[in-house]
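Okay, thanks for making time, everyone. I'd like to walk you through one protein model today, going from the overall picture down to a few single residues. Have a look at it first.

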Amino acid sequence: MATCSFPEARLFDRYSDYRLAVAQIIAAAQHELLLCEHDFSHSDLGSRAIYDALWTFFTANPAGNLRLIAFNPNYLSQHCQYFLQLTNKFNHLIKLQLAHESCHNWHQGFILADQSHAIRRHHFAWPRGEITSDAAHVAILQQQFNAIWEQSSPCGEWQRLYL
């Protein structure tokens, strides 16, 4: 798997650039991915390219782990069938949480890879953001992810019912 290497900081201000950054960081991750977004509708998690990158991530030796926090689960559960297939196949490597109401004043989306690289959108409603490898920024986002995770809980919307 590729080594995750990004410039010190790269800014983006279009959703298409954000989707490219998401694909790049997911494809480069080796051990751990932490994702936090409102509903992931702008991240392209339902695409075949992301599915393939995550498949590689989960089948590597050792396998990678993914933790995901969403503030609204509807997009993932209704529009990301490829991603849901991965959650069924690799449920031991994927943890999905729904952000608690106490976190709803949080408005930034971000992705962390291997505790060393990050993508951050400055607001859920805007595409503007950055990719960074700056250790201080990554550490702050790691702390914020952990704080939101502690206040989040599993969500039944991602569980499929086989009747």
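One term before we start: when I say contact, I mean heavy atoms within 4.5 Å. And the housekeeping: this is a predicted model, so local features need pLDDT of at least 70 and side-chain atom pairs count only at pLDDT 80 or more, while totals for chains, interfaces and linings use all residues. Residues are numbered from 1 along each chain as its sequence is written, and side-chain values use heavy atoms, with hydrogens and water left out.

So, the big picture. The secondary structure comes to five helices and eight strands. Those are DSSP runs, helices being H or I with at least four residues and strands E with at least two, numbered from the N terminus. Reading from the N terminus, the order of the elements is β-α-β-α-β-α-α-β-β-β-β-α-β.

How much of the protein is buried? Of its 163 residues, 46% count as buried. Buried is under 20% relative accessible area here, exposed is over 50%, and partly exposed is in between, with a 1.4 Å probe and protein chains only. The accessible surface comes to about 8200 Å², and 51% of that belongs to carbon and sulfur atoms. Those areas are from the Shrake-Rupley method with a 1.4 Å probe, and for residues only the protein chains shown count as cover. On contacts, if you take those with a separation of 6 or more, 75% are between residues 24 or more positions apart.

Now the helix packing. Start with H1, residues 15-28, and H2, residues 48-59: they pack at an angle of about 20 degrees, with their axes 8 Å apart. That makes H1 roughly parallel to H2. Under 35 degrees counts as roughly parallel, over 145 as roughly antiparallel, 65 to 115 as roughly perpendicular, and the rest as oblique.

The crossing of H1 and H2 is left-handed; that is, the near helix is turned anticlockwise from the far one by less than a right angle, and clockwise would be right-handed. Which residues meet there? From H1 you have Val22, Ala23, Ile26 and Ala27, and from H2 Ile50, Ala53 and Leu54. That contact divides into seven nonpolar residues, no polar and no charged. The sorting is simple: Ala, Val, Leu, Ile, Met, Phe, Trp, Tyr, Cys and Pro are nonpolar, Asp, Glu, Lys and Arg are charged, and the others, Gly among them, are polar.

H2 also packs on H4, residues 81-89, again at about 20 degrees, with the axes 9 Å apart. H2 and H4 are therefore roughly parallel to each other, and here the crossing is right-handed. The H2 side brings Arg48, Tyr51, Leu54, Trp55 and Phe58, and the H4 side Tyr82, Phe83, Gln85, Leu86 and Lys89. That one splits into seven nonpolar, one polar and two charged.

Staying on H2, Thr59 lies in that helix and is partly exposed, at 44% relative accessible area. Thr59 and Phe90 are 31 residues apart in sequence but 9.1 Å apart in space, C-alpha to C-alpha.

Pro62 is in the loop between H2 and strand S3, 65-70.

Next, the loop between S2 and H2, where Phe40 sits. Phe40 isn't a glycine, yet its phi is positive, about 70 degrees. Asp44 is in that loop too, also with a positive phi of about 70 degrees and also not a glycine. Buried or partly exposed, for each of them? Phe40 is buried, at 1% relative accessible area, whereas Asp44 is partly exposed, at 35%.

Then Glu37, in strand S2, residues 32-37. At 2% relative accessibility, Glu37 counts as buried. Leaving out residues up to four places away in sequence, Glu37 touches Tyr18, Ile69, Ala70, Phe71, Gly109, Phe110, Arg121 and Phe124.

Last one: His104, in the loop between S4, 94-99, and S5, 109-113. His104 is partly exposed, at 40%. What does His104 contact, setting aside its neighbours within four places in sequence? Phe71 and Ala99. And His104 and His38 are 66 residues apart in sequence but 9.4 Å apart in space, C-alpha to C-alpha.

Key. Axes fitted to C-alpha atoms, helices over the stretch in contact; angles between N-to-C directions.
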